[in-house]
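Me: I would like to learn how to read a few features in a structure. Please take me through them briskly.

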Amino acid sequence: MDQYIEFVVRLVVASLMGVIIGLEREYRSKEAGYRTHFLVALGSALMMIVSQYGFSEVLETDLVRLDPSRLASQVVSGIGFIGAGTIILLQKQIVRGLTTAAGIWATSGIGLAIGAGMYVMGITATVLFLIGVEVLNYFFKGISLRSMIVEFSTSSQDSLKDISALFSSKNFIISSYDMEERTDVSGNRIYYVNMVVKAKNMNEEGILLMLLHDFPDITVHRIM
């Protein structure tokens with residue numbers, strides 16, 4: 001009976017660590033939140049417990065040998081399918097969700113550690129995870145660049161040149177630039193532009209407001 005109480009404690013602690021990590025991801029409005037991380041940590045801890053103790057009756061015979069690490073290794077491999085589902089390839093230059101996928105993978109490792117009874121390692125890994133994604137982001141946010149897709153159209157060549165000059169300034173880096181010239185029903189030329197822009201401390205809303213305020217003759221189709 002005492003052994004099962006220990007198993008329950010492991011599951012509860014692992015689930016708690018998963019929720020803590022998931023809340024941080026939820027706060028960042030990421031794809032996988034506290035529920036996903038809760039389930040990953042809980043499932044990983046359960047698999048580790050089953051791997052270590054679930055075959056005790058079979059092992060009573062001398063003819064059976066079991067490697068308890070085999071089931072745990074399959075958890076690490078299998079969690080890659082969940083992580084891959086959080087990664088979004090917007091264009092060749094932009095990939096979103098890598099941190100969330102890595103967080104799910106790390107959460108599975110924390111669950112495995114606590115499921116094996118290594119409480120100190122699991123809790124320490126949780127603390128280090130939060131330090132890595134929060135504290136480091138606070139200190140190094142000023143040097144990181146965020147990639148965004150900016151799609152717009154305009155009929156003015158002057159505005160097109162001014163926007164290109166703006167995004168070529170020191171505050172932005174243009175990774176790719178694609179322009180297509182079309183003709184509307186009235187025979188007017190419309191220039192459709194797709195750019196991948198890297199910028200510091202700038203979000204989608206900031207770029208949208210800047211474009212709408214400084215260039216009223218353009219139509220913004222997408223910023224992400």
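Reply: Start with helices: they are DSSP runs of H or I, at least four residues, and strands are runs of E, at least two, both numbered from the N terminus. This is a predicted model, where local features need pLDDT of at least 70, side-chain atom pairs count only at pLDDT 80 or more, and totals for chains, interfaces and linings use all residues. Residues are numbered from 1 along each chain as its sequence is written, and side-chain values use heavy atoms, with hydrogens and water left out.

Me: What does a side-chain oxygen of Ser156 reach at the start of α6?

Reply: The backbone nitrogen of Asp158, to within 3.4 Å.

Me: Which residues of α6 are buried?

Reply: Buried means under 20% relative accessible area, exposed over 50%, partly exposed in between (1.4 Å probe, protein chains only). In α6, Ser159, Leu160, Ile163, Ser164 and Phe167 are buried. They line one face of the helix, because they fall within an arc of 135° seen down its axis. The arc is taken from the directions from the helix axis to the C-beta atoms. Asp158 and Lys161 are exposed, on the other side of α6.

Me: How many salt bridges does a search of the whole structure find?

Reply: A salt bridge puts a side-chain nitrogen of Lys or Arg within 4 Å of a carboxyl oxygen of Asp or Glu. The search finds three. One joins Arg10 and Glu6 at 3.1 Å, N to O. These two are four residues apart in helix α1 (residues 2–27), so about one helical turn separates them. Arg10 is buried at 7% relative accessibility, whereas Glu6 is partly exposed at 28%.

Notes
A polar contact is a pair of N or O atoms within 3.5 Å; within protein, one must be able to donate a hydrogen and the other to accept it, and residues adjacent in sequence count only if both atoms are side-chain atoms.
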